Amino acid sequence: LAVIYESDAHQLGSRVHRYPLPGELQIATRYGIALVRASSRTKSAEAFIDFVLSDRGQAELAHVGLLR
């Protein structure tokens, strides 16, 4: 028996059985996103951040269980 994030269970597909926890037992996990000031790939990082924050990026995150 193991407890894993829904996003991990999503990737494992039918290899795992899901038993949803009642709402009062679920925790909210917050993930941050930031641009490293000393990055040599600033434009790529900015494009990635823009994607993550876009409607399409948010839909992708929701699809893999990282957003409710």
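**Reading the model**

Reply: We can start with E46, which lies in helix α2; helices here are DSSP runs of H or I with at least four residues, strands are runs of E with at least two, and both are numbered from the N terminus. The model is a predicted one, in which local features need pLDDT of at least 70 and side-chain atom pairs count only at pLDDT 80 or more, whereas totals for chains, interfaces and linings use all residues. Residues are numbered from 1 along each chain as its sequence is written, and side-chain values use heavy atoms, with hydrogens and water left out.

Me: Why does E46 count as partly exposed?

Reply: Buried means under 20% relative accessible area, exposed over 50%, and partly exposed in between, with a 1.4 Å probe and protein chains only. E46 counts as partly exposed because its relative accessibility is 36%.

Me: Which class does V52 fall into, buried or exposed?

Reply: V52, also found in helix α2, counts as buried because its relative accessibility is 16%. Leaving aside residues up to four places away in sequence, V52 touches I33, G57, Q58 and L61, where contact means heavy atoms within 4.5 Å.

Me: What is the mean confidence of the protein chain?

Reply: The pLDDT, the predictor's confidence in each residue from 0 to 100, averages 87 over the protein chain, and 99% of the residues score at least 70.

Me: How much space lies in the largest pocket, and how many residues line the pocket?

Reply: Rolling a probe the size of a water molecule over the atoms shows where empty space is left. On a 1 Å grid over the protein atoms alone, a pocket is an open set of points where a 1.4 Å probe fits, with protein on both sides within 12 Å along at least five of seven lines, and lining residues have an atom within 4 Å of a point. About 1,300 Å³ lies in the largest pocket, a volume being the space filled by probe spheres set on the points. The pocket is lined by 34 residues, with I4, Y5, E6, S7 and G65 nearest its centre.
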